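This report examines selected features of one protein model. The sequence and structure are shown first, and the discussion follows.

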Amino acid sequence: MLYYVSDQAIESGDGSLANPFRTLEEATAVVKEGDQIMVRPGSYTFHTSEDLLLSAGAIGHFGIPVSKKTSADSTKDEKRPPFRNGNSIDQFGTNLEVEVLHSDLMLTGCDAISFPFEDSLFLVKSIFVRGDIIWFSELYTGRLIELDSAYGIYRKIPAWTMTSMQSIDLTMDANLAGLARTTCTLLTILSKSSAKNPEVTCDSLNNQVNPHLKKIGITMRMTPKNLKFIQDKKFYPLEEVLYQVNTAPIELVNEVFSNETK
């Protein structure tokens with residue numbers, strides 16, 4: 001049985017995906033040998049009257065098979081990674097260094113955005129931007145993908161914290177949402193999860209997006225290798241283009257977002 005825990009739950013549920021437990025104590029009260037607890041990113045205080053071993057599982061770096069045991073047996077399985085506050089543990093039980101990242105702009109309202117990425121469908125929760133660097137956070141797993149759109153390089157970041165200063169709601173402007181989907185398409189192409197003819201896909205997106213950007217004197221040039229914007233014969237980062245395209249109020253955020261197993 002797989003149980004979910006989220007400190008963002010409004011009230012305690014039954015441990016299902018739709019209604020997760022709010023505390024770790026609630027989950028550990030019902031788990032049996034072989035059950036699993038999926039701990040969502042957040043901050044947790046944990047108290048238990050008996051030892052609880054959490055070892056790595058195949059469902060993600062914060063999905064953890066649970067084994068209960070008594071204190072008398074506490075030395076029998078020392079190789080299994082303990083669950084300690086502040087650690088991030090991947091699916092192999094390896095402690096991960098948490099990357100501290102900083103963005104200038106957060107794009108919210110990404111609920112309708114998804115794209116094929118490697119071997120799964122990536123459901124976007126939020127998009128963070130600094131210059132030409134874009135970070136995509138996934139809705140359910142919390143994994144983060146970093147994309148340098150100017151150079152067409154991407155990498156996966158399993159454990160992270162992110163600060164952001166401002167936010168824009170994509171639902172307020174269709175042109176902003178179109179730019180966000182364009183960056184997703186580039187990541188899809190780079191990961192070789194795209195259609196058979198990426199050149200045709202890029203040409204199609206250029207034809208769709210450029211008429212809107214032309215109004216403010218910007219031209220988008222998307223190729224299967226990168227995404228660049230030109231204004232007055234100069235290259236501009238995606239962040240600057242987003243500011244220029246945006247017509248809605250920008251909210252101050254100055255918050256910290258994270259995907260750490262604690």
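How many disulfides does the count come to? The structure shown is a predicted model, and the count comes to 0 disulfides.

**Cysteines**

A disulfide is a covalent bond between the sulfur atoms of two cysteines. Cys 110 takes part in no such bond, and the nearest cysteine sulfur, that of Cys 184, is 7.9 Å away. A disulfide requires two cysteine sulfur atoms within 2.5 Å. From the side of Cys 184, the closest cysteine sulfur is that of Cys 110, and the distance of 7.9 Å is too far for a bond. Cys 110 is buried because a residue with a relative accessible area under 20% is classed in this way, and the value for Cys 110 is 0%. Cys 184 is likewise buried, with a relative accessible area of 2%.

**Aromatic residues**

A search of the whole structure finds 7 aromatic pairs. One of them is formed by Phe 115 and Phe 122 and is stacked, with 5.1 Å from centre to centre and 20° between the planes. Both of these residues are buried. Another pair consists of Phe 115 and Phe 136: the ring centres are 5.8 Å apart and the planes stand at 65°, so this pair is edge-to-face. Phe 115 belongs to strand β6 (residues 114-117) and Phe 136 to strand β8, so the pair ties together parts that are 21 residues apart in sequence. Phe 115 has a relative accessible area of 3% and is buried, and Phe 136 counts as buried at 0%.

The two pairs with their geometry are set out below.

| Pair | Centre to centre | Angle between planes | Arrangement |
|---|---|---|---|
| Phe 115 and Phe 122 | 5.1 Å | 20° | stacked |
| Phe 115 and Phe 136 | 5.8 Å | 65° | edge-to-face |

One aromatic cluster is formed by Phe 115, Phe 117, Phe 122, Phe 136 and Tyr 154. A further aromatic residue, Phe 235, has Lys 228 over the face of its ring, at 5.1 Å from the ring centre.

**Glu 138**

Strand β8 (residues 133-138) also contains Glu 138. Is Glu 138 buried or exposed? Glu 138 is buried, with a relative accessible area of 8%. Its side chain makes a polar contact of 2.7 Å with the side chain of Thr 141. A polar contact of 2.4 Å links the side chains of Glu 138 and Arg 143. When neighbours within four places in sequence are left aside, the residues in contact with Glu 138 are Leu 121, Phe 122, Leu 123, Lys 125 and Arg 143.

**Strand β13 and its partners**

Strand β13 (residues 227-231) is mostly covered, since 4 of its 5 residues are buried. Which strands does β13 join? Strand β12 (residues 219-222) runs antiparallel to β13, and 4 bridges join the two. In this pairing, Met 222 stands opposite Leu 227 of β13. The two strands form a hairpin with 4 residues between them.

Strand β14 (residues 234-236) is also antiparallel to β13, to which 3 bridges join it. Here Gln 231 is placed opposite Lys 234 of β14. Strands β13 and β14 form a hairpin with 2 residues between them, and Asp 232 in the turn has a positive phi of about 55°.

Definitions and conventions: Residues numbered from 1 in each chain as written. Predicted model: local features only at pLDDT ≥ 70, side-chain atom pairs only at ≥ 80, totals over all residues. Heavy atoms only, no water. Buried < 20%, exposed > 50% of the residue type's maximum accessible area, 1.4 Å probe, protein only. Polar contact = N/O pair within 3.5 Å; in protein donor to acceptor, adjacent residues only side chain to side chain. Contact = heavy atoms within 4.5 Å. Phe/Tyr/Trp six-rings, centres within 6.5 Å; stacked < 30°, edge-to-face > 60°. Lys NZ or Arg CZ within 6 Å of the ring centre and 35° of its normal. Pairing = 2+ DSSP bridges.
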